[in-house]
Amino acid sequence: MSHSIYRFFVGILLLIFLYFELDALMAGLIAVLLLEALTPLRIPQLAARLSGFFRAPEPAGMTSPGPHHGPGMGFNSERMMSLLLGLMLWVSYFWLNDVLWFLPWFLVIALIGSGASGFCPMLIALRRLGFK
């Protein structure tokens, strides 16, 4: 699963949770976003590993190199976006809902658009700020 498909699914889930006012599920999704941001666990990577688990093994010598675990792979732009998204949703949905009622809906539209088009202005801005 690519990151853009994952953003699309998160946007659809957020849309459903917002429309039907499912507060417990919204809190769970925010917790997953913050967990992804603060730990090295990523849902798209886990899905890719599981899909590889069910495929036939590659012949010897044909394996692709694994992910790079060097010093530059710490806090990347995808993790920073998950952190910012989780914090903005948490603040606007649970703390300041009367004032910032429009922000979760805006974030849902942005996530669905980003997932559908593959173009994410927030990721571009984070990469310009120095995140990989």
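Author: What follows is a set of questions and answers on a predicted model.

Reader: Let me start with rings. Why is the pair of Tyr19 and Phe20 called edge-to-face?

Author: A pair of aromatic rings is described by the distance of the centres and the angle of the planes. The ring centres of Tyr19 and Phe20 are 5.0 Å apart, and the limit for a pair is 6.5 Å. Their planes stand at 85°, and edge-to-face needs over 60 degrees. So the pair is edge-to-face.

Reader: What makes Tyr93 and Phe94 an edge-to-face pair?

Author: The centres of Tyr93 and Phe94 are 4.9 Å apart, with 90° between the planes. Centres within 6.5 Å make a pair, and planes over 60 degrees apart make it edge-to-face. By this rule the count comes to five aromatic pairs.

Reader: Are Tyr19 and Phe20 buried or exposed, and how do you know?

Author: Exposed means over 50% relative accessible area. Tyr19 has 59%, so Tyr19 is exposed. Phe20 has 55%, so Phe20 is exposed too.

Reader: And what are Tyr93 and Phe94 called on that scale?

Author: Tyr93 has a relative accessible area of 11%. Buried means under 20%, so Tyr93 is buried. Phe94 has 35%, which falls between the two cut-offs. Therefore Phe94 counts as partly exposed.

Reader: Next, the surface. Which residues form the nonpolar patch?

Author: The patch holds Leu15, Ile16, Tyr19, Phe20, Leu22, Leu25, Trp101, Phe102 and Trp105. Together they have about 930 Å² of accessible area. Helices α1 (3-19) and α5 (102-117) are the elements that give two or more residues to the patch. The largest share, three residues, comes from α1.

Reader: Now the inside. Which residues of the largest nonpolar core touch the most other members?

Author: They are Val10, Leu14, Met26, Leu85 and Leu89, in a core of 17 residues. The elements that give two or more residues to this core are α1, α2 (23-38), α4 (77-95) and α5. Leu14 touches Met26, Leu29, Leu89, Val108 and Leu111, leaving aside residues up to four places away in sequence.

Reader: On to charges. Why is the contact of Arg7 and Glu78 called a salt bridge?

Author: Side chains of opposite charge can pair when their charged atoms come close. The side chains of Arg7 and Glu78 meet at 2.9 Å, N to O. The cut-off is 4 Å, so the pair counts as a salt bridge.

Reader: What makes this pair a tie between separate parts of the chain?

Author: Arg7 lies in helix α1 and Glu78 in helix α4. The two are 71 residues apart in sequence, so the pair ties those parts together.

Reader: How do you know whether Arg7 and Glu78 are buried or exposed?

Author: Buried means under 20%. Arg7 has 6% relative accessibility, so Arg7 counts as buried. Glu78 has 9% and also counts as buried.

Reader: How many salt bridges are there, and what joins them into one network?

Author: The structure holds three salt bridges. Arg42 and Glu36 meet in one, at 3.4 Å, N to O. Arg42 is buried at 5%, and Glu36 is buried at 3%. Glu78 forms another with Arg42, with the closest N and O atoms 3.6 Å apart. Glu78 lies in helix α4 and Arg42 in the loop between α2 and α3 (43-53), so this pair ties together parts 36 residues apart in sequence. Shared partners join Arg7, Glu36, Arg42 and Glu78 into one network.

Reader: One last label. Why is Gly113 called partly exposed?

Author: Gly113, in helix α5, has a relative accessible area of 34%. That lies between 20% and 50%, so Gly113 is partly exposed. The C-alpha atoms of Gly113 and Gly11 are separated by 8.7 Å, and these residues are 102 residues apart along the chain.

How values were computed. Residues numbered from 1 in each chain as written. Predicted model: local features only at pLDDT ≥ 70, side-chain atom pairs only at ≥ 80, totals over all residues. Heavy atoms only, no water. Phe/Tyr/Trp six-rings, centres within 6.5 Å; stacked < 30°, edge-to-face > 60°. Buried < 20%, exposed > 50% of the residue type's maximum accessible area, 1.4 Å probe, protein only. Patch = residues over 30% accessible without salt bridge, like charges linked within 9 Å, V, L, I, M, F, W, Y side chains within 5 Å. Areas by Shrake-Rupley, 256 points an atom, 1.4 Å probe, with all protein chains shown as cover. Helix = DSSP H or I, 4+ residues; strand = E, 2+ residues; numbered from the N terminus. Core = buried A, V, L, I, M, F, W, Y, C linked by side-chain atoms within 4.5 Å. Contact = heavy atoms within 4.5 Å.
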